[in-house]
Amino acid sequence: MSDLTARFAQIVGTDNVLTGDAISEDYSHDEELTAPPQQPAYLAKPASAEEVAQLLLAASEHGVPVTARGSGCGLSGAARPLRGGLLISFDRMNAVLEVDTVNQVAVVQPGVTLTELDAATLDAGLRYTVYPGELSSSVGGNVGTNAGGMRAVKYGVARHNVLGLQAVLPTGEIIRTGGKIAKVSTGYDLTQLIIGSEGTLALVTEVIVKLHPRLDDSATLLAPFADFDQVMAAVPKILASGLGPYILEYIDNVSMAALVATQDLELGIPDSIRDSCEAYLVVALENRSASRVLEDVETAGEMLAELGAVDVYVLEGSAARKLIEGREKAFWAAKAAGADDIIDTVVPRAAMPKFLATARGLASAAGGGAAGCGHAGDGNVHMAIVCKDPDKRKQLMADIFALAMELGGAISGEHGVGRAKTPYFLELEDPAKIALMRRIKRSFDPAGILNPGVVFAAEQA
């Protein structure tokens, strides 16, 4: 046993430190498509913030790069460890510490999955509303990437639903930010700075999340449109109607066909309509009672018809559930269909038609293709890229990201830049902003051990 392995073992216990071939292959990657797996030198499973602090102190002293891991279902490579590095897994820090019904918050450790948190809040009639499409994902992962998902159109992303944190700095200091409070105007907002930082500033060891009342009466409408521009024109009008959909998604015809095939969906749409439509709009509504939902469904159906929908289908029960589940698994459908990469750019809603048409043109000119679906309500585009030539694909990705930024958007809406998108971020982002971010990074992480290669090139962090 090496000296450093022995030190890690003293901190977390011999059974909770693994090295070499004892580390499962699953820990060598997340779900990012393009990067090869990479085994870490060490895997440690701490049980407390104090153990995390000691691990980080040891890593800082020896210059060992550290990567944090929750469920490993990220899509940007931020949870992929580095050669010779330490992977800190939060498998053992997976407790729901408190469900506070008075303040409508839950206090959880970072390894808690969304499924576990949903079960823990069920009896209280409350729920955490960030659903990024994979319920095995961890709350810590939500925080690290500022996860969003389909319900963000109504409830916001992780940034809007995390009120406070306990976090460990690479210097071994343990800090608390925010709290069970909705307002803070006291100093810098460190909670928001750490959210979305992808494990590059601090490791989160406790999270205070906002809970919302469960509204279990719901209905889902599926509206096919012959023209994609009609879909985008309908979105702001639905949002302005006061109906308050909790899901408002578009799915293009290529992606819908892939979902139907891979998820065995039976939606009852005639072939003649399916073949003539360019895209679909999914509108999910919820309320306190079935009668209120029915009233909203009638209003929404009439609006969609007036806005140009070829037809409107009200999906109930298993059909609605399967469609939403299928949409959540769109990444897996794209992966099964042979996608070479995926993007999750975000643009202003009004710019979506131009962005999508131009991006598809760029893909076609590169000898590839682009298809997808996304959060129509907040302009977040999830697109599968097919382009087998790696050089052409790299240029295509750069061109698409540049297009999104020119239209007032950003490279990533919710997956993060990770290791996969960092080169594009460094090429396209304002150098003054990058320089400021580097100074912030050095203030938090003077030894430069936290996730080098994420957000900044490893040698420039």
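T205 is found in strand β10, which covers residues 203–210; strands here are DSSP runs of E with at least two residues, helices are runs of H or I with at least four, and both are numbered from the N terminus. The model is predicted, so local features need pLDDT of at least 70 and side-chain atom pairs count only at pLDDT 80 or more, while totals for chains, interfaces and linings use all residues. Residues are numbered from 1 along each chain as its sequence is written, and side-chain values use heavy atoms, with hydrogens and water left out.

T205 counts as buried because its relative accessibility is 2%; buried means under 20% relative accessible area, exposed means over 50%, and partly exposed lies in between (1.4 Å probe, protein chains only). Leaving aside residues up to four places away in sequence, T205 touches A49, V52, F90, M93, Q109, P110, Q166, A167 and V168, where a contact means heavy atoms within 4.5 Å. With Q166, the side chain of T205 also forms a polar contact of 2.6 Å. A polar contact is a pair of N or O atoms within 3.5 Å; within protein, one must be able to donate a hydrogen and the other to accept it, and residues adjacent in sequence count only if both atoms are side-chain atoms.

The view now widens to the whole chain. The chain contains 17 helices and 18 strands. Of its 461 residues, 54% count as buried. Among contacts with a separation of 6 or more, 74% are between residues 24 or more positions apart. Along the principal axes, the C-alpha atoms fill a box of roughly 70 × 55 × 40 Å.
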